Amino acid sequence: MIIVLLGPPASGKGTFAQTLVDHHGWIVFSAGQALRDMAAGKSPRAKKLAAFLKRGKLVPNAMVAHLEDDFFRAHHNKKVLLDGTPRNVSQARAMEKVLKKFKSSFTAFLFFDATEKVSWERIRARVQCEKCHRIYGLQIKPKKKGICNACGGKLIRRKDDTKGVLHDRFRVYQRETLPLVEWAAQRYPVFYINANRSPQSALKQAKTALSILE
Ligand SMILES: [Zn+2]
């Protein structure tokens with residue numbers, strides 16, 4: 001089962017993914033995190049990738065495809081959530097081809113819809129664990145200020161959590177991801193989740209959608 005999570009930053013899809021991973025045996029594939037993990041290796045490919053990331057350059061499609069290939073080879077039969085990828089129609093088409101190789105395909109898309117205003121209110125309050133990447137914010141608070149509940153790591157604000165960066169991401173999201181929702185709706189089940197109310201409400205709606213699919 002392969003579920004694609006779509007939505008703007010801080011729309012609650014990360015929280016949803018974390019809950020399913022922690023309590024329901026799902027695996028999450030986040031392209032950004034997978035790239036950072038891969039870049040930490042020692043192979044020539046890892047070093048080349050690290051150089052791309054360091055300069056803030058767009059990682060070549062071939063490299064991303066390679067990562068996806070490795071991931072789906074190992075996990076295409078499991079319960080997989082895709083968070084942050086595919087982001088647009090062309091990435092979705094490319095991923096369809098990778099999945100086809102393993103006789104698999106997307107099961108459904110969950111679309112977490114939230115406004116830029118709601119997104120910013122949540123991002124403003126957001127901190128992340130340096131070590132395990134868990135996110136804390138308005139809803140999930142650390143028991144001890146500045147310290148991760150799960151691993152004791154230090155909680156920091158991400159450098160790219162600014163209003164300007166969010167605004168740019170929203171423009172990209174509207175230009176690239178919203179057409180993907182329309183594309184997906186013609187081919188796969190798409191579930192609409194109103195993510196403006198609260199992350200708990202979004203979580204509940206997303207779980208209901210999932211129970212229909214399982
Ligand atoms: Zn932690």
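# Exercises on buried residues, loops and a zinc site

Leu110 is buried, with a relative accessible area of 0% (buried means under 20%, exposed over 50%, partly exposed in between; 1.4 Å probe, protein chains only). The model is predicted: local features need pLDDT of at least 70 and side-chain atom pairs pLDDT 80 or more, while totals for chains, interfaces and linings use all residues. Residues are numbered from 1 along each chain as its sequence is written, and side-chain values use heavy atoms, without hydrogens or water.

**Exercise 1.** Find the element that holds Leu110 and list what Leu110 contacts beyond its neighbours within four places in sequence.

*Solution.*
- Step 1: Leu110 belongs to strand S4, residues 108–113 (helices, H or I with at least four residues, and strands, E with at least two, are DSSP runs numbered from the N terminus).
- Step 2: Its contacts (heavy atoms within 4.5 Å) are Ile3, Val4, Leu5, Leu6, Phe16, Phe191, Ile193, Ala206 and Ala209.
- Step 3: Leu5 is 105 residues away from Leu110 along the chain, yet their C-alpha atoms are separated by 5.0 Å.

**Exercise 2.** Is Leu99 buried or exposed, and how far in space is Leu99 from Tyr136?

*Solution.*
- Step 1: Look for Leu99 in helix H5, residues 89–101.
- Step 2: With 0% relative accessibility, Leu99 is buried.
- Step 3: Outside the four places on either side in sequence, Leu99 touches Ile2, Phe72, Ser104, Ser105 and Phe106.
- Step 4: Between Leu99 and Tyr136 there are 37 residues in sequence and 33 Å in space, C-alpha to C-alpha.

**Exercise 3.** Describe how helices H3 and H4 pack, and say what covers the buried residues of H2.

*Solution.*
- Step 1: H3 spans residues 44–54 and H4 spans residues 61–75; their axes are 12 Å apart at an angle of about 130°.
- Step 2: H3 is therefore oblique to H4 (under 35 degrees is roughly parallel, over 145 roughly antiparallel, 65 to 115 roughly perpendicular, the rest oblique).
- Step 3: From H3, Arg45, Lys48 and Leu49 meet Met63, His66 and Asp70 of H4.
- Step 4: In H2, residues 31–39, the buried residues are Ala31, Gln33, Ala34, Leu35, Met38 and Ala39.
- Step 5: Their cover includes strands S2 (27–30) and S3 (80–83), together with H3 and H4.

**Exercise 4.** Which residues are the protein donors of the zinc ion, and what is the arrangement of the four donor atoms?

*Solution.*
- Step 1: The SG atoms of Cys129, Cys132, Cys148 and Cys151 lie 2.3 Å from the zinc ion (donors are N, O and S atoms within 2.8 Å of the metal, or 3.2 Å for Na, K and Ca).
- Step 2: Along the chain the donors have the spacing C-x2-C-x15-C-x2-C.
- Step 3: The angles run from 100 to 116°, so the arrangement is tetrahedral (four donors, all angles between 85 and 135 degrees).
- Step 4: Cys129 is buried at 2% relative accessible area, whereas Cys132 is partly exposed at 28%.

**Exercise 5.** Where do Ala10, His133 and Pro86 lie, and what is the backbone like at the peptide bond from Thr85 to Pro86?

*Solution.*
- Step 1: Ala10 sits in the loop between strand S1 (2–6) and helix H1 (13–24); it has a positive phi of about 60° although it is not a glycine, and it is buried at 18%.
- Step 2: His133, in the loop between strands S5 (127–129) and S6 (135–136), also is not a glycine and has a positive phi of about 70°; at 35% it is partly exposed.
- Step 3: Pro86 is in the loop between S3 and H5, and the bond from Thr85 to Pro86 is cis, with omega near -5°.

Conventions: Four donors count as tetrahedral if all angles lie between 85 and 135 degrees; four count as square planar and six as octahedral if opposite donors are over 155 degrees apart and all others between 65 and 115; anything else is irregular. Axes are lines fitted to C-alpha atoms, for helices over the stretch in contact, and angles run from 0 to 180 degrees between N-to-C directions.
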